Structures are given as C-alpha cells and as structure tokens.
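Please open the model in your viewer and keep the selection panel at hand. The stops below follow one another as a sequence of selections.

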Amino acid sequence: MAFTGRGAQQIQRVEDSLQKITVIIKRFLYINEESGFYLAACELPKDAPNITAVVNGRAFESRKIVAEGTSSVVITGVGEGQTVDMYGSFEKGRTDDEVKFMVGSCEEKIPEKSSGLMLFLGSGKIRGVGPKIAAKIVEHFGNDTISVLDNEPDKLKEVDGLNDKKIELIKEDWVNWRSKLEIIATLREYRITDASAIKIFEEFG
C-alpha cells in the first residue's frame, strides 16, 4: 500500500520503540482462529490527520493501513467497524512502495455514540449479546450504557428479552472482559505483547 497525501502528522511514539496509532478496522483480510493471527485493512478516523510512517529512511503518508498481528482478543472480540488503538511499528511491505503495521498489542476504544456502542457490544465479546440484544440495551440506556454495565448491571432487567440467566452471563463476561483489558494494559507497560499477556491471564486469571 503506497502512502500518499499531504498534511500528515508524525506518529506518536510510545515507550522506547513502539508507536501508537488509532484506526478503524474496516475489514479482516485473513484470520487464523487457531493461532490468533490476523491481517486487517484499517483506516484513520475522519477527524484524524494523515499518518507519516518512516521505513528504512523513506517517508510514507496515508489514511489507509494494513495491520498484521497475533491476538485471540482481536479476532474474537473486535468487530469490523470498531475503533482501536494499535501499538507496534511500521515495516516494509511486499514492495518498496508498500508498508504494513506490525501490531504488538491492540486496545479497543469504547465508543461514545449509540451506533458505535451497538457495534461494540454486538461484536461477540459478551455471551448472550448479539446485534439485536446490543441494540435493545443501547436503545434503552443510551449514552449511559457503559456506566450501567460497569456500575449497575442489575438494571439490565429493564431491557425486554433479557432473562436472569442471560443477565448473569452478561455480567460475568463484562467483568471478565474489563479485567482482561486492565491486565493486558498493565503488562504492556513491561513490553509484554497481547499474545503473551493473554496466556498469562488464562493461566492465573
């Protein structure tokens, strides 16, 4: 993918060697569920300036990015259309005019708008919550949806179609997902990748 354009902004560097980019996952080009490997076509959010990537002393600019990484969290819990923070580095692609972003870790960004919240909750990360149930939850609680899930999950009883058993599954998976994110974020500070952090989480909880 050739990086072209003007008005680009240099990528924010984090830690010693990782770079952070915020992108929308437009489409998964390839997924291996057994290994967690993925290849994704991504784009910058509309309000974000172009990104400048420097590879082997050559600068490239673009709004579209191909990302490559290994993470079971991403392929099982992040849906197409979601916004994420990726940490990694740009490397040379198949030709001299192509680059790809090698993802060391990836962090979901909780959306603020209702349409994004429906996609976020209905992506498969929470048992019992598909697109239809996600829509009902968000339509009922609106912008307070995440606050309700975090602090007052029993209010889910107000949502039509949710019985006690399903609500307990949602509460359990939401807490588990939140905990996993916090642990991955903490271990990232020690330069531990998502793949390794998930193994640590699965081993020790």
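Select D85 and K20 to begin: these two residues form a salt bridge, with their closest N and O atoms 3.8 Å apart. The term denotes a side-chain nitrogen of Lys or Arg within 4 Å of a carboxyl oxygen of Asp or Glu. D85 belongs to strand β8 (residues 83-92) and K20 to strand β3 (residues 18-32), so that distant parts of the chain, 65 residues apart, are linked. Helices (H or I, at least four residues) and strands (E, at least two) are DSSP runs, numbered from the N terminus. D85 is buried at a relative accessible area of 4%, whereas K20, at 24%, is partly exposed. Here buried means under 20% relative accessible area, exposed means over 50%, and partly exposed lies in between, for a 1.4 Å probe and protein chains only.

This is a predicted model, in which local features require pLDDT of at least 70 and side-chain atom pairs count only at pLDDT 80 or more, while totals for chains, interfaces and linings use all residues. Residues are numbered from 1 along each chain as its sequence is written, and side-chain values use heavy atoms, with hydrogens and water left out.

Next, select K100 and E68, a salt bridge whose closest N and O atoms are 3.1 Å apart. K100 lies in strand β9 (residues 99-108) and E68 in strand β7 (residues 64-70), so this pair ties together parts 32 residues apart in sequence. K100 is partly exposed, at 24% relative accessibility; E68 is buried, at 16%.

Move on to R127 and E172, where the closest N and O atoms of the salt bridge are 3.4 Å apart. R127 is in the loop between α2 and α3, and E172 is in helix α5 (residues 164-188), so the pair joins parts 45 residues apart in sequence. R127 itself is partly exposed, with a relative accessible area of 39%. Over the whole structure, the search finds eight salt bridges.

Select G130 in the loop between α2 (114-121) and α3 (131-141).

Which residues touch the most other members of the largest nonpolar core? They are V23, I25, Y38, C42, I65, M86 and F90, in a core of 24 residues. Such a core is a set of buried Ala, Val, Leu, Ile, Met, Phe, Trp, Tyr and Cys residues joined through side-chain atoms within 4.5 Å. The elements giving it two or more residues are β3, β4 (37-43), β5 (51-55), β7, α1 (72-77), β8 and β9.

Centre the view on Y38, whose contacts (heavy atoms within 4.5 Å) include F28, E68, V74 and V103, leaving aside residues up to four places away in sequence. A second, separate core has 21 residues, among them A134, V138, L149 and W174.

Finally, select T83, I110, P111, E112 and K113, which lie nearest the centre of the largest pocket among its 15 lining residues. By class, the lining has five nonpolar, six polar and four charged residues; Ala, Val, Leu, Ile, Met, Phe, Trp, Tyr, Cys and Pro count as nonpolar, Asp, Glu, Lys and Arg as charged, and the others, Gly among them, as polar. A pocket is an open set of points on a 1 Å grid over the protein atoms alone where a 1.4 Å probe fits, with protein on both sides within 12 Å along at least five of seven lines; lining residues have an atom within 4 Å of a point.
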